[in-house]
Amino acid sequence: MHPIILIILAVLVLSLLVVVHEFGHYMAARIIGVWVEEFGVGLPPRAWGKKIGETIYSINWLPLGGFVRLHGETPDSKISIPKRAFVNQSKLKRAFVAMAGIFMNFWFAWVCFSLMFVLSGIPRGISVVEVEEGSPAELSGVMAGDVINSMNNLEIVGTEEFLLGIRKNLGQEVTFGATRDGAELSYNINVRSEVAEGQGFTGITYDIRPAAIERPGMIIAPVKYAYYGGRETVKWTKFTVEALGTLFSSLGKGQVPEGLTGPFGVTLTIAEVIKYGIVAVLSFAGIISVNLALVNVIPFPPLDGSRVLFLGIESLIGKKKLEKIEPKILTGGMVFLLILIGLLTLSEIPKLIQAGSISGFVDSLLPQE
């Protein structure tokens, strides 16, 4: 597939994630009775719009996500119907609208991961292909042909989960549950804190394909797929929270974290993922949706978390005082984020040119071992 087509598809996927987020705000506003003046796909200028009921539904020329325009969204807005203005709602209702986009992204991630399992089946176990001599795995009794099923009593679903589990337990002893010729066994492996050349963290070489694929019966299938979709959502939520913690810790020390990327880099990564088919796209879309949800929890304007923070500040200093400074804070925060995105993009373009391809650029974002 031509790179331009891949990038267009990637933009559409990323835009869908943002539209889903905005749809959460839209539905919450409708539920509490706030007038939704416009629900737009893409960003202005407007290419097409139609008023249905009291809301304008529009398609805009810039295919970068979407937006919801609420009546009386900010204190400096022109308000013609006070009872249906967002700023005149109770704190609880405003918090509900502010957080609805975040909940929607978590829901969408759950759907993506569940559909991923519907299409690919539920992977079971990791097949050990080779064990390096003298490695922690060999010393613990691991043998080629073993099938690893659990790590610290937690079920392993797929090689990706296995690798994440190893990275989470660097420098620690890990208990693995496995089978060998049908017999159950377990072994304790002291995971290295650093990669050993030719052996990795444990000395285990495994098949990237799962040992088995489960396709549950028709009656139980919806429950199982939904369960594993939710399990995957929780897993990536925990991983992203840890990653964000590492990010802020590095920034606090004046360091730029390895692999930090903006919308430009994310779009190119999605373009690369599209090459591997719908299952890979669903998986990555779920991961990005979780990331989008958690980033919006951050109480930095104009992210959704800041709206909730403002409600707390309002309780302390009063609504009138907050209304005088809130628009300026939101504008300042937006300008800062746009500058940050611009700087990230400017730093990524030379990397793309140097890499010579989208694949090379994406490889440059991965942690180097």
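The residues that line the largest cavity divide into 9 nonpolar, 7 charged and no polar ones, where Ala, Val, Leu, Ile, Met, Phe, Trp, Tyr, Cys and Pro count as nonpolar, Asp, Glu, Lys and Arg as charged, and the others, Gly among them, as polar. The structure is a predicted model, in which local features need pLDDT of at least 70 and side-chain atom pairs count only at pLDDT 80 or more, while totals for chains, interfaces and linings use all residues. Residues are numbered from 1 along each chain as its sequence is written, and side-chain values use heavy atoms, with hydrogens and water left out.

The structure holds 1 cavity of 30 Å³ or more, a cavity being a set of points, on a 1 Å grid over the protein atoms alone, where a 1.4 Å probe fits but cannot get out. About 160 Å³ of space lies in the largest cavity, the volume being the space filled by probe spheres set on the points, which are joined across faces, edges and corners. Its lining is made up of 16 residues, and Phe86, Arg94, Leu311, Glu314 and Glu326 lie nearest the centre; lining residues have an atom within 4 Å of a point. At least two lining residues come from each of helix H2 (91–120), H8 and helix H9 (319–355), and H8 gives the most, with 5 residues. Helices (H or I, at least four residues) and strands (E, at least two) are DSSP runs, numbered from the N terminus.

Two helix pairs are described by their packing, for which axes are lines fitted to C-alpha atoms over the stretch in contact, and angles run from 0 to 180 degrees between N-to-C directions. H2 and helix H5 (residues 221–252) pack at an angle of about 125°, with their axes 8 Å apart. That angle makes H2 oblique to H5, given that angles under 35 degrees count as roughly parallel, over 145 as roughly antiparallel, 65 to 115 as roughly perpendicular and the rest as oblique. Helix H6 (residues 263–274) and H7 pack at about 155°, with axes 8 Å apart, and are therefore roughly antiparallel to each other. The crossing of H2 and H5 is right-handed, as is that of H6 and H7; a crossing is left-handed if the near helix is turned anticlockwise from the far one by less than a right angle, and right-handed if clockwise.

Most residues other than glycine have a negative phi, and most peptide bonds are trans. Another cis peptide bond joins Pro301 and Pro302, with omega about 5°, and Pro302 lies in the loop between helix H7 (278–297) and helix H8 (304–317).

Asn153, in the loop between E4 and E5, has a phi near 70° and is exposed, with a relative accessible area of 74%. Buried means under 20% relative accessible area, exposed over 50%, and partly exposed in between (1.4 Å probe, protein chains only). By these cut-offs Val128, in strand E3 (residues 122–131), counts as buried at 4% relative accessibility.

Conventions: On a 1 Å grid over the protein atoms alone, a cavity is a set of points where a 1.4 Å probe fits but cannot get out, and a pocket is an open set with protein on both sides within 12 Å along at least five of seven lines; lining residues have an atom within 4 Å of a point.
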